[in-house]
Amino acid sequence: MRQLYIGGSWTASASDEFIDVVNPATEEIIDRVPAGSPDDVESAAGAARRAFPAWSETAASERGKLLGDAAELLKQRSEEIAKTIATDMGAPLGFARKVQTLMPATVLSSYAQLAESHPRESRVGNSMVVKEPIGVVAAITPWNYPLHQIVCKVAPALAAGCTVVLKPSEVAPLAAYALAEIFAEVGLPPGVFNLVSGRGPVVGEAMAAHPEVDMVSFTGSTAAGRRVAALAAESVKRVALELGGKSANVILPDADLALAVKVGVANCFVNAGQTCSAWTRMIVQRDQYDEAVRLAVEAARGYTVGDPFDESTRIGPLVSATQRDRVVRYINRGQEEGARLVAGGTERPHERGYYVEPTVFAAVEPGMTIEREEIFGPVLSLIPYTSEDQAVAIANDTKYGLAGAVWAATEDRAIGVARRLRTGQVAINGGRFNPLAPFGGYKQSGVGRELGEQGLEEYLETKAMQL
């Protein structure tokens, strides 16, 4: 039976309730984790507080070495952990290996280096400006990238000298347990990293409100992020939020249309569309619109939906029955509002499992529900425009601002349009995601940044000493 990891030991929860972990491809229960309680949060926060003085004063080189050792062990166990993620979250095994496991290992390695190399002191006139760890960090993470999102918070926090209490998603929590085992094995001091599994309204809210917690870092829905921020505000905690997105893929008329559509479809459908930064709105010049729709439909038909362990599978199941039902409701809503379903739909492609066919909508107009709201499934909307100014206006006409893309014949032209987009990341002509660059959003997509040096800065306080 799974336990919590508190103060360097595997510990029984104060609650006697457990949460079933379900394989979304088979709908079978594969494990159970404790449904933690506020008392468990109390224990974990206390352990983190007690560990903080010694850990914050540990040499940066030693903190970096421990993180580096953990990164190496994560790489060594990448196949095992990828299989775990493919099983409890449903990502195709190849994707689970490369993106869900090896990319977090890269991020962990980067913070092993930054722990020592990131400058902590500078001089401004007669002042010495120093950066110090903020304290105890509560990290609350989602199920769609169940290891990556943890590492994006835990690695910089530990590199900064903070201690951590982690609540992974109860929907896909098993990778968090694998990481806790790695931290224990490399010799991370007791209390520096703690894991309390459980539900958001119980464990997550107790963490956000706890007086011993100095900072909350949350990734999830915008609605849940508002709740976390409100609870943290009672004690004026620092809050970092990575929330939703409705990212636009702007294809200018001189771009390579076939390539832009092919890559755009791939980005929208990655991880079965369960990606906050997915380019779910494809914005195409009206004269090229019909051809773009045809290309998108053709591309969508090449995405095999099936068992995550089948090498031919490109889209696995959605993570849960709840998530599948949510996506189906959006597909129905799109048709009700007049959008034209040109690929996919609500039919179940397999008898068992929470699968949704890759879905493409044409005749989508700004303001439709499927154009405005984050669906979090493999659903693409194609929207026409007539002028570059209109394309930018459509792209920016959203409460979100997390990511996006621009395609043009020249890099300079694409960059010119990208500068006008109110969003935290923009891919230029298919530029690859960089796990060492800052990631985060404008507007209701969040507060703060993860990854890179900016990600480390989130966990540091600034002190000025006048000399």
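Helices are taken here as DSSP runs of at least four residues, numbered from the N terminus, and in this numbering Glu 72 and Lys 75 both belong to helix H2, where they stand 3 residues apart and are therefore separated by about one helical turn. The model in which they are found is a predicted one. The side chains of Glu 72 and Lys 75 meet in a salt bridge, with a distance of 3.4 Å from N to O. Glu 72 is partly exposed, its relative accessible area being 41%, and Lys 75 is likewise partly exposed, with a relative accessible area of 36%.

Helix H2, which comprises residues 60–76, also takes part in a helix–helix contact, its axis coming within 9 Å of the axis of helix H6 (residues 174–186) and crossing that axis at roughly 130°. Because angles of 65 to 115 degrees count as roughly perpendicular and those over 145 as roughly antiparallel, H2 and H6 are described as oblique to each other. The crossing in which H2 passes H6 is right-handed. On the side of H2, the contact is made by Leu 66, Asp 69, Ala 70, Leu 73 and Leu 74, while H6 contributes Ile 182, Phe 183, Glu 185 and Val 186.

In one of the others, the side chains of Asp 214 and Arg 49 meet at 2.6 Å, N to O. Asp 214 is located in the loop between helix H7 (200–209) and strand S10 (215–219), whereas Arg 49 is part of helix H1 (residues 38–57), so that this pair ties together parts of the structure lying 165 residues apart in sequence. Asp 214 counts as partly exposed at 25% relative accessibility, and Arg 49 also counts as partly exposed, at 23%.

A further salt bridge is formed by Glu 371 with Arg 281, whose closest N and O atoms are 2.9 Å apart. Here Glu 371 lies in helix H12 (residues 369–372) and Arg 281 in strand S13 (residues 281–285), so the pair ties together parts that are 90 residues apart in sequence. Glu 371 and Arg 281 are both buried, a term applied to residues with under 20% relative accessible area. Salt bridges also link several residues into a network, which consists of Asp 254, Glu 388, Asp 389, Arg 413 and Arg 420.

Asn 429 is partly exposed, with 30% as its relative accessible area. Lys 443, which is also not a glycine, has a positive phi of about 50°, and its place is likewise in the loop between S18 and S19. Lys 443 is partly exposed, its relative accessible area being 41%.

Conventions. Residues are numbered from 1 along each chain as its sequence is written. This is a predicted model: local features need pLDDT of at least 70, side-chain atom pairs count only at pLDDT 80 or more; totals for chains, interfaces and linings use all residues. Side-chain values use heavy atoms; hydrogens and water are left out. Buried means under 20% relative accessible area, exposed over 50%, partly exposed in between (1.4 Å probe, protein chains only). Helices (H or I, at least four residues) and strands (E, at least two) are DSSP runs, numbered from the N terminus. Axes are lines fitted to C-alpha atoms, for helices over the stretch in contact, and angles run from 0 to 180 degrees between N-to-C directions. Angles under 35 degrees count as roughly parallel, over 145 as roughly antiparallel, 65 to 115 as roughly perpendicular and the rest as oblique. A crossing is left-handed if the near helix is turned anticlockwise from the far one by less than a right angle, and right-handed if clockwise. Contact means heavy atoms within 4.5 Å. A salt bridge is a side-chain nitrogen of Lys or Arg within 4 Å of a carboxyl oxygen of Asp or Glu.
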